[in-house]
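Open the model in your viewer and keep the sequence panel beside it. The stops below each begin with a selection.

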Amino acid sequence: MKLSDLRFKAATRVHRTIYDLSKGRVAGNVSGMPAVKLTTTGRKSGQLRNTMLATPVHDDHRVILVASKGGAPKHPMWYLNLRDNPQVTITLQSTTRPMIARTASTAEKAQLWPQIVAAYKGYASYQAKVERDIPVVILEPAGSADQT
């Protein structure tokens with residue numbers, strides 16, 4: 001594992017601990033966006049995996065995540081996990097709820113991307129530096145009639 005990956009994991013662990021202990025009152029923002037604790041099921045291990053992410057767009061009906069991994073050439077592990085098992089749990093603003101994840105279609109991403117970049121301009125530079133299409137993930141409440 002690269003040193004940069006180890007640093008990222010350590011920073012995420014510290015962020016998650018502070019977020020959990022304060023019930024989201026501290027460390028509740030990432031780059032000016034609300035922080036989300038995402039819990040996925042490991043696609044190989046079957047164990048629960050937690051990661052801290054930012055949500056550039058969210059409302060009562062959906063939460064949007066960007067699988068940018070800071071512009072890395074490979075998808076983040078959390079994305080691979082939810083792609084294989086879309087049943088996830090999120091904690092946002094001290095509320096925990098089950099959600100169903102799906103990758104945005106090309107048309108949905110085109111519609112969301114300007115809002116995403118408006119929330120954090122770094123996403124545009126991440127996409128520009130990698131060949132992979134950075135996935136946009138839409139989380140909707142489990143049991144929602146809107147799911148396809």
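**Stop 1**

At a relative accessibility of 34%, Asp59 is partly exposed; the classes used throughout are buried for under 20% relative accessible area, exposed for over 50%, and partly exposed in between, with a 1.4 Å probe and protein chains only. A salt bridge here is a side-chain nitrogen of Lys or Arg within 4 Å of a carboxyl oxygen of Asp or Glu. The structure holds 5 salt bridges.

Before moving on, note that this is a predicted model, in which local features need pLDDT of at least 70 and side-chain atom pairs count only at pLDDT 80 or more, while totals for chains, interfaces and linings use all residues. Residues are numbered from 1 along each chain as its sequence is written, and side-chain values use heavy atoms, with hydrogens and water left out.

**Stop 2: two further salt bridges**

Select Arg83 and Asp84, whose side chains meet in a salt bridge at 3.6 Å, N to O. Arg83 has a relative accessible area of 45% and is partly exposed; Asp84, at 48%, is also partly exposed.

Next select Glu140 and Arg102, a salt bridge with its closest N and O atoms 3.5 Å apart. Because Glu140 lies in strand β8 and Arg102 in strand β7 (residues 95–103), this pair ties together parts that are 38 residues apart in sequence. Helices (H or I, at least four residues) and strands (E, at least two) are DSSP runs, numbered from the N terminus. Glu140 is buried at 8% relative accessibility, whereas Arg102 is partly exposed at 23%.

**Stop 3: Asn81**

Select Asn81, in helix α2 (residues 77–84). Asn81 is buried, with a relative accessible area of 7%. Beyond neighbours within four places in sequence, Asn81 is in contact (heavy atoms within 4.5 Å) with Thr40, Thr41, Gly42, Arg43 and Arg49. Gly46 is 35 residues from Asn81 in sequence and 9.5 Å away in space, C-alpha to C-alpha.

**Stop 4: helix α4**

Select Gly122, Tyr123, Tyr126 and Gln127, which are buried in α4. Looking down the axis of α4, the buried residues fall within an arc of 140 degrees, so they line one face of the helix; the arc is taken from the directions from the helix axis to the C-beta atoms. Ala128 and Lys129, on the other side of α4, are exposed. To see what covers the buried residues, show elements including β2 (33–41), β3 (48–54), β5 (63–66) and α3 (106–119).

**Stop 5: Arg132**

Follow the chain to Arg132, in the loop between α4 (122–129) and β8 (136–141). Which side chain of opposite charge is nearest to Arg132? That side chain is Asp133, 8.2 Å away, and the buried Arg132 has no salt bridge; in this count Lys and Arg are positive and Asp and Glu negative, with His and the chain ends left out.

Now show backbone oxygens. The side chain of Arg132 reaches that of Ala72 at 2.9 Å, and a polar atom of the Arg132 side chain lies 3.0 Å from that of Ala67. Leaving aside neighbours within four places in sequence, the residues in contact with Arg132 include Ser68, Lys69, Pro73, His75 and Gln127.

Notes: A polar contact is a pair of N or O atoms within 3.5 Å; within protein, one must be able to donate a hydrogen and the other to accept it, and residues adjacent in sequence count only if both atoms are side-chain atoms.
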